[in-house]
Amino acid sequence: MSQATPTEDLPFHLTGNFAPVFDERTDFDLEIEGAIPPELQGRFFRNGSNPQSGSSPHWFMGNGMIHGVELRDGKAVWYRNRYVRTPLLEEPDAPHMSADGSVDRTRSCANTHVISHAGRFLALEEGSFPFEITKELDTVGAYDFDGKLKTAMTAHPRICPETGELLFFGYGAMPPYLTYYRVSADGKLVQSEEINVKGPTMMHDWNITRNHVIFMDLPMIFDLEAAAAGGMPIRWSDEYGARLGVMPREGGNDDVVWYDVDPCYVFHPMNAYEDGDKIVIDSSRFEKLAFGPADGKGTPSMLHRWTIDTANRSVAEEPLDDRPADFPRVHDRVTGLKHRYGYMAGMGSGADTLGSTLLKYDLDSGKSWTHDLGKGRQAGEPVFAASTSADSAEDDGWILSFVYDAATDKSDLLIADAGNFDAAPVARVKIPTRVPFGFHGSWIADPA
Ligand SMILES: [Fe+2]
(Lines give C-alpha, C1' and ligand atoms only; values in the text may rest on other atoms or scores of the structure.)
Protein backbone atom coordinates (compact mmCIF):
# COMPACT_ATOMS: atom_id res chain seq x y z
CA MET A 1 0.00 0.00 0.00
CA SER A 2 1.54 3.32 -0.94
CA GLN A 3 1.23 6.16 1.53
CA ALA A 4 -0.42 9.54 1.19
CA THR A 5 1.46 12.51 -0.28
CA PRO A 6 1.80 15.86 1.54
CA THR A 7 -0.98 18.45 1.26
CA GLU A 8 -1.77 21.68 3.08
CA ASP A 9 -3.65 19.65 5.71
CA LEU A 10 -1.27 16.71 5.81
CA PRO A 11 2.35 17.62 6.57
CA PHE A 12 5.28 15.67 5.16
CA HIS A 13 5.96 13.79 8.38
CA LEU A 14 2.60 11.98 8.18
CA THR A 15 2.98 10.96 4.55
CA GLY A 16 5.00 8.52 2.44
CA ASN A 17 7.58 6.62 4.44
CA PHE A 18 7.53 9.26 7.18
CA ALA A 19 4.04 8.00 8.12
CA PRO A 20 3.83 5.73 11.17
CA VAL A 21 3.36 1.97 11.19
CA PHE A 22 1.00 0.42 13.69
CA ASP A 23 2.01 -3.23 14.05
CA GLU A 24 4.70 -4.32 16.47
CA ARG A 25 6.23 -7.27 14.64
CA THR A 26 8.66 -10.07 15.38
CA ASP A 27 10.10 -11.83 12.33
CA PHE A 28 12.76 -14.53 12.47
CA ASP A 29 15.40 -15.72 10.01
CA LEU A 30 15.15 -12.88 7.52
CA GLU A 31 15.85 -13.19 3.82
CA ILE A 32 19.28 -11.89 2.78
CA GLU A 33 20.70 -10.69 -0.53
CA GLY A 34 24.49 -11.01 -0.58
CA ALA A 35 26.44 -12.17 2.46
CA ILE A 36 26.46 -10.69 5.97
CA PRO A 37 30.05 -10.40 7.24
CA PRO A 38 30.46 -12.95 10.05
CA GLU A 39 32.27 -10.30 12.13
CA LEU A 40 28.92 -8.55 12.63
CA GLN A 41 27.69 -10.16 15.86
CA GLY A 42 25.20 -7.99 17.68
CA ARG A 43 22.23 -5.74 17.11
CA PHE A 44 21.44 -2.68 15.03
CA PHE A 45 18.85 -0.48 16.77
CA ARG A 46 17.36 2.67 15.28
CA ASN A 47 14.86 5.01 16.93
CA GLY A 48 12.28 7.24 15.27
CA SER A 49 9.04 9.13 15.63
CA ASN A 50 5.92 6.98 15.20
CA PRO A 51 2.78 8.70 16.56
CA GLN A 52 0.47 6.00 17.92
CA SER A 53 -2.59 8.18 17.20
CA GLY A 54 -1.46 8.49 13.57
CA SER A 55 -0.86 12.22 13.95
CA SER A 56 1.58 14.61 15.61
CA PRO A 57 2.13 18.36 15.23
CA HIS A 58 5.79 17.98 14.21
CA TRP A 59 8.09 15.20 12.93
CA PHE A 60 10.00 15.42 16.23
CA MET A 61 6.91 14.87 18.41
CA GLY A 62 5.68 11.32 17.71
CA ASN A 63 6.02 8.38 20.10
CA GLY A 64 9.35 6.59 19.89
CA MET A 65 9.49 3.28 18.08
CA ILE A 66 12.75 1.33 17.87
CA HIS A 67 13.45 -0.97 14.94
CA GLY A 68 16.07 -3.64 15.57
CA VAL A 69 17.83 -6.42 13.68
CA GLU A 70 20.02 -9.06 15.33
CA LEU A 71 22.92 -10.34 13.21
CA ARG A 72 24.76 -13.55 14.10
CA ASP A 73 27.03 -15.96 12.21
CA GLY A 74 26.12 -14.47 8.85
CA LYS A 75 22.38 -14.67 9.56
CA ALA A 76 19.77 -12.01 10.28
CA VAL A 77 18.24 -13.72 13.30
CA TRP A 78 15.33 -11.37 13.88
CA TYR A 79 13.63 -8.06 13.16
CA ARG A 80 11.59 -6.42 15.88
CA ASN A 81 9.88 -3.05 16.12
CA ARG A 82 8.62 -1.85 19.49
CA TYR A 83 7.24 1.33 20.96
CA VAL A 84 9.19 2.65 23.92
CA ARG A 85 6.45 2.25 26.51
CA THR A 86 6.57 5.57 28.37
CA PRO A 87 3.75 7.17 30.42
CA LEU A 88 3.17 9.50 27.44
CA LEU A 89 2.42 6.47 25.25
CA GLU A 90 0.30 4.69 27.88
CA GLU A 91 -1.64 7.80 29.04
CA PRO A 92 -1.39 10.46 26.33
CA ASP A 93 -3.81 12.86 28.00
CA ALA A 94 -2.35 12.85 31.53
CA PRO A 95 -0.75 16.13 32.74
CA HIS A 96 2.89 16.97 31.93
CA MET A 97 3.42 18.44 35.40
CA SER A 98 3.94 16.42 38.55
CA ALA A 99 1.84 17.06 41.66
CA ASP A 100 4.62 19.33 43.04
CA GLY A 101 4.49 21.59 39.96
CA SER A 102 7.67 20.29 38.32
CA VAL A 103 7.86 18.91 34.78
CA ASP A 104 7.30 15.14 34.75
CA ARG A 105 10.43 13.96 32.90
CA THR A 106 9.01 10.46 32.45
CA ARG A 107 6.42 11.72 29.93
CA SER A 108 8.86 11.15 27.11
CA CYS A 109 8.48 10.64 23.40
CA ALA A 110 11.71 8.59 23.76
CA ASN A 111 12.00 8.83 19.98
CA THR A 112 15.42 10.20 19.06
CA HIS A 113 18.34 7.85 19.74
CA VAL A 114 19.24 4.54 21.33
CA ILE A 115 22.64 3.86 22.89
CA SER A 116 24.39 1.36 25.12
CA HIS A 117 26.52 2.31 28.13
CA ALA A 118 27.65 0.37 31.22
CA GLY A 119 25.51 -2.59 30.21
CA ARG A 120 22.32 -0.56 29.81
CA PHE A 121 20.39 0.16 26.61
CA LEU A 122 18.86 3.64 26.73
CA ALA A 123 16.24 5.24 24.47
CA LEU A 124 16.73 9.01 24.47
CA GLU A 125 14.75 12.17 23.73
CA GLU A 126 16.08 15.57 24.74
CA GLY A 127 13.13 16.83 26.80
CA SER A 128 13.01 13.89 29.20
CA PHE A 129 14.76 11.20 31.21
CA PRO A 130 16.24 8.27 29.30
CA PHE A 131 14.24 5.06 29.11
CA GLU A 132 15.95 1.75 29.69
CA ILE A 133 15.08 -1.04 27.27
CA THR A 134 16.14 -4.66 26.91
CA LYS A 135 18.16 -6.19 24.09
CA GLU A 136 14.85 -7.43 22.68
CA LEU A 137 13.36 -3.91 22.80
CA ASP A 138 11.03 -4.36 25.76
CA THR A 139 10.77 -1.28 27.99
CA VAL A 140 12.15 -1.46 31.54
CA GLY A 141 11.29 2.12 32.54
CA ALA A 142 12.62 5.64 33.06
CA TYR A 143 16.24 5.81 34.20
CA ASP A 144 17.54 8.79 36.22
CA PHE A 145 20.99 7.57 37.31
CA ASP A 146 19.83 6.70 40.84
CA GLY A 147 18.04 10.03 41.23
CA LYS A 148 21.09 12.13 40.31
CA LEU A 149 19.76 13.30 36.93
CA LYS A 150 17.72 16.42 37.75
CA THR A 151 16.94 17.72 34.26
CA ALA A 152 16.21 16.33 30.83
CA MET A 153 19.06 14.51 29.09
CA THR A 154 20.18 15.20 25.53
CA ALA A 155 19.65 12.46 22.95
CA HIS A 156 23.28 13.00 21.89
CA PRO A 157 25.57 11.98 24.75
CA ARG A 158 29.12 10.93 23.89
CA ILE A 159 31.04 7.91 25.14
CA CYS A 160 34.75 8.64 25.46
CA PRO A 161 36.64 5.77 23.82
CA GLU A 162 39.62 6.32 26.13
CA THR A 163 37.92 6.57 29.56
CA GLY A 164 34.60 4.85 28.87
CA GLU A 165 32.82 7.86 30.45
CA LEU A 166 29.38 8.92 29.25
CA LEU A 167 29.36 12.72 28.87
CA PHE A 168 26.16 14.63 28.30
CA PHE A 169 24.09 17.71 29.07
CA GLY A 170 20.46 18.57 29.63
CA TYR A 171 18.79 21.75 28.43
CA GLY A 172 15.45 23.33 29.24
CA ALA A 173 13.07 26.01 27.98
CA MET A 174 13.10 27.36 31.56
CA PRO A 175 16.07 27.71 33.97
CA PRO A 176 18.35 25.96 34.43
CA TYR A 177 18.82 26.34 30.68
CA LEU A 178 21.88 24.08 30.59
CA THR A 179 23.37 21.45 32.91
CA TYR A 180 26.48 19.36 32.26
CA TYR A 181 26.81 15.76 33.49
CA ARG A 182 29.63 13.24 33.63
CA VAL A 183 29.01 9.53 34.17
CA SER A 184 31.82 7.09 34.99
CA ALA A 185 32.55 4.04 32.85
CA ASP A 186 30.63 1.88 35.31
CA GLY A 187 27.52 4.04 34.99
CA LYS A 188 27.68 6.28 38.08
CA LEU A 189 26.73 9.94 37.64
CA VAL A 190 29.75 11.66 39.25
CA GLN A 191 29.49 15.33 38.19
CA SER A 192 26.69 17.86 37.56
CA GLU A 193 27.39 21.49 36.65
CA GLU A 194 24.93 24.25 35.85
CA ILE A 195 26.22 26.25 32.87
CA ASN A 196 25.14 29.81 32.01
CA VAL A 197 23.91 30.45 28.47
CA LYS A 198 22.26 33.58 27.09
CA GLY A 199 18.76 32.16 27.08
CA PRO A 200 16.54 29.20 26.29
CA THR A 201 18.52 27.85 23.34
CA MET A 202 17.54 24.55 21.72
CA MET A 203 20.80 22.66 22.20
CA HIS A 204 20.26 19.44 20.29
CA ASP A 205 23.84 18.13 20.25
CA TRP A 206 27.37 19.07 21.25
CA ASN A 207 31.02 17.97 21.11
CA ILE A 208 33.68 16.34 23.22
CA THR A 209 37.45 16.12 22.81
CA ARG A 210 40.12 14.32 24.86
CA ASN A 211 40.19 17.11 27.49
CA HIS A 212 37.20 19.35 26.77
CA VAL A 213 33.53 19.58 26.00
CA ILE A 214 32.18 22.22 23.61
CA PHE A 215 28.63 23.58 24.01
CA MET A 216 26.82 25.21 21.07
CA ASP A 217 24.79 28.28 22.17
CA LEU A 218 22.96 28.92 18.89
CA PRO A 219 20.04 31.11 17.80
CA MET A 220 17.18 28.59 17.80
CA ILE A 221 15.38 29.65 20.95
CA PHE A 222 12.23 28.78 22.86
CA ASP A 223 9.50 31.37 22.58
CA LEU A 224 6.92 30.49 25.22
CA GLU A 225 4.76 33.53 24.32
CA ALA A 226 4.47 32.32 20.74
CA ALA A 227 3.73 28.81 21.99
CA ALA A 228 0.98 30.14 24.30
CA ALA A 229 -0.55 31.87 21.27
CA GLY A 230 -0.60 28.56 19.40
CA GLY A 231 2.56 29.11 17.33
CA MET A 232 5.81 27.15 17.11
CA PRO A 233 7.54 26.99 20.50
CA ILE A 234 10.99 27.29 18.86
CA ARG A 235 12.13 29.97 16.43
CA TRP A 236 15.19 31.43 14.73
CA SER A 237 16.45 34.65 16.37
CA ASP A 238 18.36 37.31 14.42
CA GLU A 239 19.40 38.91 17.73
CA TYR A 240 20.57 35.97 19.85
CA GLY A 241 23.97 35.44 18.23
CA ALA A 242 25.97 32.22 18.10
CA ARG A 243 28.85 30.99 20.21
CA LEU A 244 30.82 27.93 21.19
CA GLY A 245 31.68 27.29 24.83
CA VAL A 246 34.86 25.32 25.56
CA MET A 247 35.09 23.76 29.03
CA PRO A 248 37.51 21.25 30.58
CA ARG A 249 35.72 17.92 31.03
CA GLU A 250 36.03 18.10 34.82
CA GLY A 251 35.45 21.88 34.93
CA GLY A 252 32.41 24.03 35.63
CA ASN A 253 30.67 27.22 34.53
CA ASP A 254 33.56 29.51 35.59
CA ASP A 255 35.92 27.57 33.33
CA VAL A 256 33.90 27.98 30.13
CA VAL A 257 35.53 30.14 27.44
CA TRP A 258 33.01 31.39 24.90
CA TYR A 259 33.84 32.08 21.25
CA ASP A 260 31.53 34.03 18.95
CA VAL A 261 30.91 32.44 15.55
CA ASP A 262 28.84 33.39 12.53
CA PRO A 263 25.09 32.84 13.13
CA CYS A 264 24.01 29.33 12.17
CA TYR A 265 22.35 26.22 13.50
CA VAL A 266 23.89 22.79 13.92
CA PHE A 267 21.77 19.80 14.82
CA HIS A 268 24.67 17.40 14.41
CA PRO A 269 28.41 17.72 14.69
CA MET A 270 30.34 14.91 13.00
CA ASN A 271 33.17 14.91 15.56
CA ALA A 272 35.67 17.17 17.33
CA TYR A 273 39.29 16.81 18.37
CA GLU A 274 42.28 18.68 19.77
CA ASP A 275 45.29 19.56 17.64
CA GLY A 276 47.78 21.33 19.90
CA ASP A 277 46.15 24.62 20.98
CA LYS A 278 43.43 24.17 18.38
CA ILE A 279 40.08 22.41 18.58
CA VAL A 280 38.64 21.23 15.29
CA ILE A 281 34.88 20.68 14.98
CA ASP A 282 33.34 19.23 11.81
CA SER A 283 29.57 19.68 11.64
CA SER A 284 26.54 19.62 9.46
CA ARG A 285 25.74 23.34 9.54
CA PHE A 286 22.68 25.36 8.49
CA GLU A 287 23.49 28.99 7.73
CA LYS A 288 19.87 29.55 8.71
CA LEU A 289 17.39 27.02 10.03
CA ALA A 290 13.69 27.51 9.41
CA PHE A 291 11.78 25.59 12.06
CA GLY A 292 8.32 27.07 11.58
CA PRO A 293 6.57 29.32 9.03
CA ALA A 294 7.56 32.48 10.98
CA ASP A 295 11.25 31.75 10.35
CA GLY A 296 11.01 32.40 6.61
CA LYS A 297 13.29 30.51 4.28
CA GLY A 298 16.07 28.33 5.62
CA THR A 299 19.17 26.92 3.99
CA PRO A 300 20.25 23.28 3.70
CA SER A 301 22.80 21.79 6.08
CA MET A 302 26.29 21.05 4.73
CA LEU A 303 29.63 19.87 6.05
CA HIS A 304 31.54 22.72 7.69
CA ARG A 305 34.62 23.10 9.90
CA TRP A 306 35.21 25.35 12.91
CA THR A 307 38.82 25.60 14.09
CA ILE A 308 39.03 27.18 17.53
CA ASP A 309 42.43 28.65 18.39
CA THR A 310 42.49 28.57 22.19
CA ALA A 311 45.83 30.43 22.30
CA ASN A 312 44.71 33.56 20.47
CA ARG A 313 40.98 33.13 21.25
CA SER A 314 39.73 33.07 17.66
CA VAL A 315 37.66 30.79 15.45
CA ALA A 316 38.23 30.09 11.76
CA GLU A 317 35.25 28.96 9.67
CA GLU A 318 35.51 26.85 6.53
CA PRO A 319 32.82 25.23 4.39
CA LEU A 320 33.95 21.72 3.42
CA ASP A 321 31.23 20.81 0.92
CA ASP A 322 28.26 22.37 -0.84
CA ARG A 323 26.15 19.23 -1.03
CA PRO A 324 23.22 19.10 1.41
CA ALA A 325 23.94 16.38 3.98
CA ASP A 326 23.22 15.58 7.61
CA PHE A 327 23.24 12.74 10.15
CA PRO A 328 27.07 12.61 10.31
CA ARG A 329 28.83 9.70 12.02
CA VAL A 330 32.36 8.48 12.60
CA HIS A 331 33.92 5.28 13.91
CA ASP A 332 33.09 5.25 17.66
CA ARG A 333 36.78 4.58 18.32
CA VAL A 334 37.66 8.18 17.27
CA THR A 335 34.91 10.02 19.17
CA GLY A 336 36.61 13.15 20.53
CA LEU A 337 39.88 12.16 18.84
CA LYS A 338 41.24 12.98 15.42
CA HIS A 339 39.04 11.44 12.73
CA ARG A 340 40.08 10.91 9.17
CA TYR A 341 36.76 9.58 7.87
CA GLY A 342 33.17 10.71 8.32
CA TYR A 343 29.90 9.44 6.88
CA MET A 344 26.72 11.41 6.18
CA ALA A 345 23.28 10.98 4.63
CA GLY A 346 22.89 13.03 1.48
CA MET A 347 19.78 15.19 1.72
CA GLY A 348 17.33 16.24 -0.99
CA SER A 349 16.47 19.82 -1.82
CA GLY A 350 13.75 20.34 0.82
CA ALA A 351 14.36 20.26 4.56
CA ASP A 352 11.98 17.33 4.80
CA THR A 353 13.60 15.27 2.03
CA LEU A 354 16.16 12.57 2.51
CA GLY A 355 18.41 12.00 -0.47
CA SER A 356 19.18 8.78 -2.29
CA THR A 357 22.89 8.80 -1.46
CA LEU A 358 25.21 8.21 1.44
CA LEU A 359 28.48 10.11 1.56
CA LYS A 360 31.94 9.26 2.87
CA TYR A 361 34.51 12.00 3.48
CA ASP A 362 38.28 11.68 3.84
CA LEU A 363 39.00 14.81 5.85
CA ASP A 364 42.76 14.41 5.39
CA SER A 365 42.79 14.35 1.58
CA GLY A 366 39.53 16.19 0.91
CA LYS A 367 38.32 13.26 -1.17
CA SER A 368 34.75 11.98 -0.93
CA TRP A 369 32.81 8.99 -2.17
CA THR A 370 29.11 8.54 -2.92
CA HIS A 371 27.12 5.39 -2.24
CA ASP A 372 24.18 5.59 -4.63
CA LEU A 373 21.14 3.84 -3.16
CA GLY A 374 19.32 3.69 -6.49
CA LYS A 375 16.23 5.35 -7.85
CA GLY A 376 13.33 5.58 -5.40
CA ARG A 377 15.48 4.38 -2.52
CA GLN A 378 16.23 6.56 0.50
CA ALA A 379 18.15 5.95 3.68
CA GLY A 380 18.96 7.91 6.81
CA GLU A 381 21.83 8.05 9.25
CA PRO A 382 24.82 5.87 8.20
CA VAL A 383 25.96 4.04 11.33
CA PHE A 384 29.52 2.70 11.33
CA ALA A 385 29.98 -0.89 12.55
CA ALA A 386 33.64 -1.65 13.14
CA SER A 387 35.47 -4.77 12.17
CA THR A 388 36.48 -6.72 15.26
CA SER A 389 40.22 -6.07 15.05
CA ALA A 390 41.32 -3.30 17.45
CA ASP A 391 44.21 -2.08 15.26
CA SER A 392 42.21 -2.04 12.03
CA ALA A 393 42.11 0.94 9.67
CA GLU A 394 39.63 3.65 10.64
CA ASP A 395 37.37 2.71 7.74
CA ASP A 396 37.66 -1.06 8.22
CA GLY A 397 34.03 -1.89 8.88
CA TRP A 398 30.55 -1.49 7.49
CA ILE A 399 27.89 1.15 7.13
CA LEU A 400 24.44 0.14 8.36
CA SER A 401 21.23 1.99 7.55
CA PHE A 402 17.60 1.16 6.86
CA VAL A 403 16.81 1.89 3.21
CA TYR A 404 13.23 2.42 2.03
CA ASP A 405 12.28 1.34 -1.49
CA ALA A 406 9.23 3.21 -2.81
CA ALA A 407 8.67 0.58 -5.53
CA THR A 408 8.03 -2.23 -3.03
CA ASP A 409 6.96 -0.06 -0.05
CA LYS A 410 9.35 -2.11 2.08
CA SER A 411 12.75 -1.53 3.65
CA ASP A 412 16.12 -3.28 3.72
CA LEU A 413 18.90 -3.12 6.24
CA LEU A 414 21.81 -1.99 4.06
CA ILE A 415 25.27 -3.35 4.88
CA ALA A 416 27.88 -1.50 2.80
CA ASP A 417 31.67 -1.88 2.97
CA ALA A 418 32.97 1.38 4.47
CA GLY A 419 36.40 0.79 2.92
CA ASN A 420 34.91 0.24 -0.54
CA PHE A 421 32.15 2.77 -0.15
CA ASP A 422 30.94 3.31 -3.70
CA ALA A 423 30.67 -0.43 -4.44
CA ALA A 424 27.40 -2.34 -4.32
CA PRO A 425 26.32 -3.30 -0.78
CA VAL A 426 27.81 -6.50 0.62
CA ALA A 427 24.36 -7.46 1.91
CA ARG A 428 20.77 -6.36 2.11
CA VAL A 429 18.59 -7.81 4.85
CA LYS A 430 15.01 -7.88 3.61
CA ILE A 431 12.68 -6.43 6.25
CA PRO A 432 9.16 -7.83 5.75
CA THR A 433 7.60 -4.37 6.21
CA ARG A 434 8.59 -0.75 5.75
CA VAL A 435 10.69 0.96 8.39
CA PRO A 436 9.60 4.61 8.55
CA PHE A 437 12.33 7.24 8.18
CA GLY A 438 13.69 7.96 11.64
CA PHE A 439 16.47 9.63 13.55
CA HIS A 440 19.44 7.93 15.18
CA GLY A 441 20.71 4.49 16.02
CA SER A 442 23.61 2.35 17.13
CA TRP A 443 25.37 -0.82 16.19
CA ILE A 444 25.72 -2.57 19.53
CA ALA A 445 28.23 -5.37 19.10
CA ASP A 446 28.12 -8.28 21.50
CA PRO A 447 30.69 -7.97 24.29
CA ALA A 448 33.99 -9.59 23.26
FE1 LIG B 1 19.78 14.34 16.45
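In strand S4 (residues 64–72), Val69 is the bridge partner of Phe44, and in strand S33 the partner of Phe44 is Trp443. Strands here are DSSP runs of E with at least two residues, helices are runs of H or I with at least four residues, and both are numbered from the N terminus. The model is predicted, so that local features need pLDDT of at least 70 and side-chain atom pairs count only at pLDDT 80 or more, whereas totals for chains, interfaces and linings use all residues. Residues are numbered from 1 along each chain as its sequence is written, and side-chain values use heavy atoms, with hydrogens and water left out.

Strand S3 (residues 42–49) runs antiparallel to S4, to which it is joined by 8 bridges, and antiparallel to S33, with 5 bridges. Two strands are taken to pair if DSSP finds at least two bridges between them. Because 8 of the 8 residues of S3 are buried, this strand is largely enclosed by the rest of the structure. Buried denotes under 20% relative accessible area, exposed over 50%, and partly exposed the range in between, computed with a 1.4 Å probe on protein chains only.

Arg82 is located in strand S5 (residues 75–83) and is buried, with a relative accessible area of 14%. Beyond its neighbours within four places in sequence, the contacts of Arg82 are Glu24, Arg25, Thr26, Gly64, Met65, Ile66, Glu136, Leu137 and Asp138, where contact means heavy atoms within 4.5 Å. The C-alpha atoms of Arg82 and Pro293 are separated by 33 Å, the two residues being 211 residues apart along the chain.

A further sheet is open and consists of 4 strands in the order S24-S25-S26-S27, with antiparallel pairing. Strands S24 (325–329) and S27 (368–372) stand at its edges with a single partner strand each, so one side of each has no neighbour in the sheet. On average, neighbouring strands of this sheet are turned by 25° against each other, direction ignored; axes are lines fitted to C-alpha atoms, for helices over the stretch in contact, and angles run from 0 to 180 degrees between N-to-C directions. S24 pairs with strand S25 (residues 341–347) in the antiparallel sense over 3 bridges, and the bridge partner of Arg329 in S25 is Tyr343.

The iron ion has four protein donors, His156 (NE2), His204 (NE2), His268 (NE2) and His440 (NE2), which lie 2.0 to 2.2 Å from it. Donors are N, O and S atoms within 2.8 Å of the metal (3.2 Å for Na, K and Ca), and sites may look incomplete because water is not among the atoms. Along the chain, the donors follow the spacing H-x47-H-x63-H-x171-H. His204, in the loop between strand S13 (189–194) and strand S14 (207–208), and His440, in the loop between strand S32 (427–430) and strand S33 (441–445), are 236 residues apart and link distant parts of the chain. Both histidines are buried, His204 at 8% relative accessibility and His440 at 3%. The angles among the 4 donor atoms span 92 to 168°, and the site is irregular. Four donors count as tetrahedral if all angles lie between 85 and 135 degrees; four count as square planar and six as octahedral if opposite donors are over 155 degrees apart and all others between 65 and 115; anything else is irregular.

The largest nonpolar core has 42 residues, of which Met202 and Phe215 touch the most other members. Such a core is a set of buried Ala, Val, Leu, Ile, Met, Phe, Trp, Tyr and Cys residues joined through side-chain atoms within 4.5 Å. A second, separate core of 21 residues includes Tyr343, Ala345, Phe384 and Phe437.

The peptide bond from Pro175 to Pro176 is cis, with omega near -5°, and Pro176 lies in the loop between strand S11 (166–171) and strand S12 (178–183). Ala118, a residue other than glycine, has a positive phi near 50°; Ala118 is in the loop between strand S6 (113–117) and strand S7 (120–124) and is partly exposed at 36%. Arg313 likewise has a positive phi, near 55°, and is exposed, with 56% relative accessibility.
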